Amino acid sequence: MDAIEVTDLRKTYGDTHAVDGVTFTVRTGETFGIVGHNGAGKTTTVECLIGLKRPDAGTVRVLGEDPARRRRALAQRIGAQLQESSLPERIKVAEALRMFATFYREAADWRQVMERWSLRPLARKAFGDLSGGQKQRLMLALALVGDPEVVVLDELTTGLDPIARRETWRLVDDLKAVGTTVVLVSHYFDETEALCDRVAVFARGRVVAMGTPDDIIARTGTASLEEAYFALEGADR
Ligand SMILES: Nc1ncnc2c1ncn2[C@@H]1O[C@H](COP(=O)(O)OP(=O)(O)OP(=O)(O)O)[C@@H](O)[C@H]1O
């Protein structure tokens with residue numbers, strides 16, 4: 001069974017067709033990229049995947065369930081690191097991990113998660129005192145403490161310096177290695193190209209290309225996913 005099936009998804013805000021007939025599937029164990037520029041409909045799509053938004057039309061199935069109806073049950077099986085997600089400034093790293101573990105019926109051992117994501121030296125540090133990269137590492141660990149089958153990462157490395165970005169990429173590679181299904185939302189084409197098995201390129205609420213980064217690059221006769229995007233985006237207008 002595919003981990004995620006999205007068919008003809010539509011979501012409108014007033015006159016804005018934020019998501020305008022999007023179809024894709026994510027295979028179990030795959031790292032799937034949703035890439036596109038600001039306002040392309042990426043976040044709205046993932047909000048529908050995790051049940052935060054209800055589609056106007058189309059169907060969404062995550063692990064065989066409808067997130068709009070089964071959000072609470074699915075929350076036990078999906079880990080999400082969302083754009084601009086945050087924590088209280090004073091909460092300590094270990095405290096946050098311990099607290100998040102209580103949200104899940106079958107959580108991972110939070111101490112092991114802390115160890116695995118190299119957070120032990122920061123255990124007693126307050127969230128507000130962490131660097132951008134450390135905060136991101138903690139948010140990623142929190143998304144994983146429920147031992148999820150599917151992980152959704154939205155704009156994982158926005159605002160990070162190049163070193164912290166590369167470090168975060170390695171963490172995503174580690175996730176892939178243990179067979180977790182990952183949906184990676186990004187407006188960085190290099191990141192998507194480096195990390196994802198397959199990619200859906202979004203523009204103006206629609207998928208303008210889908211496939212492995214190599215396929216999309218070859219099909220468009222370009223040298224990178226970013227160049228491919230501009231070629232497709234121009235052709236789509
Ligand atoms: N709650 C809302 N009310 C009105 N319009 C919205 C709302 N949420 C999103 N939109 C609009 O829908 C479109 C798609 O937004 P969305 O956030 O899904 O795009 P995105 O690809 O994730 O962009 P970004 O990379 O900037 O986060 C945009 O034009 C946005 O302004």
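Helix α1 (42-49) lies across β1, β2 and β4 and runs at about 120 degrees to β1. Helices (H or I, at least four residues) and strands (E, at least two) are DSSP runs, numbered from the N terminus. Axes are lines fitted to C-alpha atoms, for helices over the stretch in contact, and angles run from 0 to 180 degrees between N-to-C directions. Two residues are in contact if their C-beta atoms, placed from the backbone, lie within 7 Å. The model is predicted; local features need pLDDT of at least 70 and side-chain atom pairs count only at pLDDT 80 or more, while totals for chains, interfaces and linings use all residues. Residue numbers start from 1 along each chain as its sequence is written.

Helix α1 is mostly covered, with eight of its eight residues buried. A residue is buried if 20 or more other C-beta atoms lie within 10 Å of its own, exposed if 12 or fewer, and partly exposed in between, with C-beta atoms placed from the backbone. The buried residues of α1 are K42, T43, T44, T45, V46, E47, C48 and L49. After α1 comes G51, which has a positive phi near 80 degrees.

The strands under discussion form an open sheet of three strands in the order β2-β1-β4, with antiparallel pairing. Two strands pair if DSSP finds at least two bridges between them. Because β2 and β4 (57-62) stand at the edges with a single partner strand each, one side of each has no neighbour in the sheet. On average, neighbouring strands of this sheet are turned by 25 degrees against each other, direction ignored. Eight bridges pair strand β1 (residues 4-13) with β2 in the antiparallel sense, and E5 has T25 in β2 as its bridge partner. Strand β1 also holds D8. Although D8 is not a glycine, its phi is positive, about 50 degrees. Most residues other than glycine have a negative phi. D8 counts as partly exposed because it has 13 C-beta neighbours inside 10 Å.

The shell around the ligand consists of Y13, T16, A18, G36, N38, G39, A40, G41, K42, T43, T44 and H187. A residue is near a molecule or strand if its C-beta atom, placed from the backbone, lies within 6 Å of it. The largest share, three residues, comes from α1. By residue class, the shell has three nonpolar, eight polar and one charged. Here Ala, Val, Leu, Ile, Met, Phe, Trp, Tyr, Cys and Pro count as nonpolar, Asp, Glu, Lys and Arg as charged, and the others, Gly among them, as polar.

A40 of the ligand shell is found in the loop between β3 (31-35) and α1. A40 counts as buried because it has 25 C-beta neighbours inside 10 Å. Not counting residues up to four places away in sequence, A40 touches F202, A203, R204 and G205. A40 and R204 are 164 residues apart in sequence, yet 4.6 Å apart in space, C-alpha to C-alpha. R204 takes a positive phi near 50 degrees in the hairpin of β8 and β9, which has two residues between the strands. Strands β8 (residues 198-203) and β9 (residues 206-211) run antiparallel and are joined by five bridges, with M210 in β9 as the bridge partner of A200.

The protein chain is assigned domain 1 (1-77 + 151-161 + 180-237) and domain 2 (84-148); such bounds come from an automatic or database domain assignment. The domain centres, taken over C-alpha atoms, are separated by 26 Å. Seven residues of domain 1 are in contact with nine residues of domain 2. On the domain 1 side, the touching residues divide into three nonpolar, three polar and one charged.

Strand β5 (residues 78-81) points I78 and A80 one way and G79 and Q81 the other way, and all are buried. Four bridges join β5 to strand β6 (residues 150-154), and the two run parallel. The bridge partner of I78 in β6 is V150. D147 is found in the loop between α5 (132-144) and β6, and its phi is positive, near 55 degrees.

A96 belongs to helix α3 (residues 93-101) and counts as buried, with 22 C-beta neighbours inside 10 Å. Leaving aside neighbours within four places in sequence, A96 is in contact with L87, I91, F127, L138 and L142.
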